[in-house]
Amino acid sequence: MLPDTVHKLPREERFAYARLLAYIARIDDELTIDEMAMFEQRLGTALLSPNQREMIRDDLRNPPSLEECMENLSGEAGRLALRDAVMMAAADGNVDEDERDALEDISEVLGLKEDAVDQLLQWTVKGYRWMKEGYDILDNLEE
Amino acid sequence: MFPDGLSHRSPQELRRYAEVLVYIAAADGELVREEIAVIEAMMGRCMIHPEVRVDIRSGFEHPVPLEQSLMDLEHGLIRFILRDAAFVAAIDGSYDPKEIKALKAIAKAGEVSKEDLSSLLDWVGDGWNWYQDFSKIL
């Protein structure tokens, strides 16, 4: 929705990016509407082919392992995937322990700073505040 | 990217929503990959049915006239459309005069003042800055 670079990645990396999001979406065996909406939004951004989207939706039913997901993920695609995984995990207003552990695992595999997930969560909270401001603007327009 | 306030809208309303976004993207006469990506993202976010998305994509070539898409929509929905249309218009880094003209037409249809439209555009800019901060983290 905002300026992004996911669509500029090579196709196989966009696919790997989306698989990782499918993995995160299913990590707590529960997929809320908010998470699903976020997931579909990111699939849209990735500009996957219809066939690839179907394969990714299959991954939602039968989640791949983290190792499978990390295959074909370059540094940039991995960082974008972690960023969006954090936003998706937070989409229902809560990041549970399993989600948090998975995010930390991804960060470690990518070789990121120890506090990368913490920083991304703080960044996500700022984003939610900004989105709330947008709602406030729209609410204040009501007659 | 976030819960969007559109989840309770009917499929027909969401179709009109997406038609307007396509119109905005095509307004400056060129459709860049960033614009297609953001429209696909917004269609995904409000979970428009995949078959309907195929129809909506045909608008990339022949957009539905703005007046037709906005006809008879309630102001509340038009304002959400305005918000997301502003995102689409800004996605390639600047507002084209034709995009601004279309945004003003949407604002008028939703009875949104020039000042409030200006606030919305500022808010989009703030979001842009927030999003870019990600690169400082990773």
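Mentor: Chain A has seven helices and zero strands (helices are DSSP runs of H or I with at least four residues, strands are runs of E with at least two, both numbered from the N terminus). This is a predicted model, in which local features need pLDDT of at least 70 and side-chain atom pairs count only at pLDDT 80 or more, while totals for chains, interfaces and linings use all residues. Residues are numbered from 1 along each chain as its sequence is written, and chains are lettered from A and ligands numbered from 1 in the order in which they are written.

Trainee: What radius of gyration does chain A have?
Mentor: The radius of gyration is taken over C-alpha atoms, and the globule rule is 2.2 Å times the number of residues to the power 0.38. For 143 residues, a compact globule would come out near 15 Å, and the value for chain A agrees: 15 Å.

Trainee: How much of chain B is buried?
Mentor: A residue is buried if 20 or more other C-beta atoms lie within 10 Å of its own, exposed if 12 or fewer, and partly exposed in between, with C-beta atoms placed from the backbone. Of the 138 residues in chain B, the buried share is 44%.

**Where the chains meet**

Trainee: Which helix of chain A gives the largest share of the side that touches chain B?
Mentor: Two residues are in contact if their C-beta atoms, placed from the backbone, lie within 7 Å. The contact takes 33 residues from chain A and 35 residues from chain B. On the chain A side, helix H2 (33-45), helix H5 (75-89) and helix H7 (116-139) each supply at least two residues. The largest share, 14 residues, comes from H7(A).

Trainee: Is A:Leu138 buried or exposed?
Mentor: A:Leu138 sits in helix H7 of chain A. Leaving aside neighbours within four places in sequence, A:Leu138 is in contact with B:Arg79, B:Phe80 and B:Arg83. Because A:Leu138 has 20 C-beta neighbours inside 10 Å, this residue counts as buried.

**Inside chain B**

Trainee: How many residues of H2(B) are buried?
Mentor: Among the buried ones are B:Val38, B:Ile39 and B:Met42. Their cover includes H2 of chain A, together with helix H1 (11-26), helix H3 (50-57) and H5 of chain B. H2(B) is mostly covered, and of its 13 residues the buried ones number ten.

Trainee: How far apart are the end C-alpha atoms of helix H2 of chain B?
Mentor: The expected span of a helix is 1.5 Å times one less than its number of residues. The 13 residues of helix H2 (residues 33-45) of chain B should therefore span 18 Å, which agrees with the distance between the end C-alpha atoms, 18 Å.

Trainee: Are H5(B) and H6(B) roughly parallel or roughly antiparallel?
Mentor: Axes are lines fitted to C-alpha atoms, for helices over the stretch in contact, and angles run from 0 to 180 degrees between N-to-C directions. Helix H5 (residues 75-90) and helix H6 (residues 97-109) of chain B pack at an angle of about 170°, with their axes 9 Å apart. That angle makes H5(B) and H6(B) roughly antiparallel (under 35 degrees counts as roughly parallel, over 145 as roughly antiparallel, 65 to 115 as roughly perpendicular and the rest as oblique). So the term for H5(B) and H6(B) is roughly antiparallel.
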